[in-house]
Amino acid sequence: MEIKTVDTKGNIRYSRKFKQMVVEKRNKEDWNWRQAHNWVIQEYGIDIKYKTIKTWSVWYKDYSVCPASFSSANTSKVSRPPPWRQREFEEVQSGIEIGLSYREIAECMNEDSEINSRYYTATGIASALARKGLNKPYNSTAIDIQECKDLLKDAGQSLVELKSTHHIKVKCNQCEYEWVKGFMNIKNRVGCIMCVIPPNSYHEVYIIEFYTFGNPSVKVGISVDYYNKRRENFPEHKVIAVYKTTYKKAKELENLIKEQYGIYRTTPPELQGNGMTECYDISMTNEINKIIKEQLNG
Ligand SMILES: [Zn+2]
């Protein structure tokens, strides 16, 4: 069986037969993509990008419904992701409405197996919206502070600091939570995330180490269910701790670590669009873990 070809531009194309075989093997064994990925490495000695291999189940679904649309004349287009569906736009829209950043929306969408049509990133979301004409950029010089304050007042918030169109620090008048958002969200009177996600709802803070990264890093993250919903979206890593807490406490801890360990931030490219900003130099693991443990127990 032909496994892959390299096109004139040097891009690797995996053959349909090979992709089909991998997806069917994965389905038969009831593996997650991480396991299937490892199997391909062991069996064929090829390390396909995890991001790439993860898209194959959606490809396979489309392919089995209509193999004719994947005729050989089209092979150069096969690896292109399908166009965005209405469902995906709705998901993004509802994320924007509760005040999540594109990066946070991308993380949520990657966790949702029902809409896992592709690997979502902040830039991917931004360009999909731009193609639909949904995110008209604002000119920062055009922001009127008074207008900004008035709009915030309507949403029950106040202005803390205005740095640029995309960096406006605001405070919720009700729960006093402070966060940064863009002018677009202010214009749309986006509500406070703490008042939308119940502050006392169950959340976990996890600490994991990416020891194989070019810049070995420790990540502090928040999830409703790390082991079942977040773990498999990350490349190889080691779990240091998973603490049970509330959404509010988890957010506070995340912010605290950001403030105290900001200078050790590594932003590893391996996690682009997948939580790269909450990563710190791996030598900080024990200190960070100690602080979080103390905050939760003390
Ligand atoms: Zn609030």
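Q: Is tyrosine 206 buried or exposed?
A: Tyrosine 206 is buried, at 1% relative accessibility. Buried means under 20% relative accessible area, exposed over 50%, and partly exposed in between, with a 1.4 Å probe and protein chains only. Please note that this is a predicted model: local features need pLDDT of at least 70, side-chain atom pairs count only at pLDDT 80 or more, and totals for chains, interfaces and linings use all residues. Residues are numbered from 1 along each chain as its sequence is written, and side-chain values use heavy atoms, with hydrogens and water left out.

Q: Where is tyrosine 206 found?
A: Tyrosine 206 is in strand β6 (residues 202–210). Helices (H or I, at least four residues) and strands (E, at least two) are DSSP runs, numbered from the N terminus.

Q: And what is tyrosine 206 in contact with, leaving aside its neighbours within four places in sequence?
A: The contacts of tyrosine 206 beyond those neighbours include Lys219, Ile222, Tyr226, Arg230, Phe234 and Val242. Contact means heavy atoms within 4.5 Å.

Q: Turning to the metal, which residues coordinate the zinc ion?
A: The zinc ion is coordinated by the SG atoms of Cys172, Cys175, Cys192 and Cys195, at 2.3 to 2.4 Å. Donors are N, O and S atoms within 2.8 Å of the metal (3.2 Å for Na, K and Ca); water is not among the atoms, so sites may look incomplete.

Q: What is the arrangement of the four donor atoms?
A: The arrangement is tetrahedral, because the four donor atoms around the zinc ion subtend angles of 105 to 117°. Four donors count as tetrahedral if all angles lie between 85 and 135 degrees. The ideal angle for four tetrahedral donors is 109.5 degrees.

Q: What spacing do the donors follow along the chain?
A: The zinc donors follow C-x2-C-x16-C-x2-C. Cysteine 172, in strand β4 (residues 167–172), and cysteine 192, in the loop between α10 (183–187) and α11 (193–196), link distant parts of the chain, 20 residues apart. Cysteine 172 is buried, with a relative accessible area of 3%, and cysteine 192 is buried as well, at 6%.

Q: Now the aromatics: how many aromatic pairs are there?
A: The count is 15 aromatic pairs. Rings of Phe, Tyr and Trp (its six-membered ring) pair if their centres lie within 6.5 Å; planes under 30 degrees apart count as stacked, over 60 as edge-to-face and the rest as tilted. One of the pairs is tryptophan 84 with phenylalanine 89, which is tilted, at 5.2 Å centre to centre and 45° between the planes. Tyrosine 177 and tryptophan 179 form a stacked pair, at 5.7 Å and 15°.

Q: Which residues do ring pairs link into a cluster?
A: That cluster consists of Tyr14, Phe18, Trp31, Trp39, Tyr44 and Trp56, linked by ring pairs.

Q: Where does the charged end of arginine 34 sit?
A: The charged end of arginine 34 sits over the ring of tyrosine 50, 3.7 Å from its centre. A charge sits over a ring if NZ of Lys or CZ of Arg is within 6 Å of the ring centre and within 35 degrees of the ring normal.

Q: Lastly, is glutamate 107 buried or exposed?
A: Glutamate 107 is buried, with a relative accessible area of 15%, and lies in helix α7 (residues 102–111).

Methods: Tetrahedral: all angles 85-135°; square planar, octahedral: opposite > 155°, others 65-115°.
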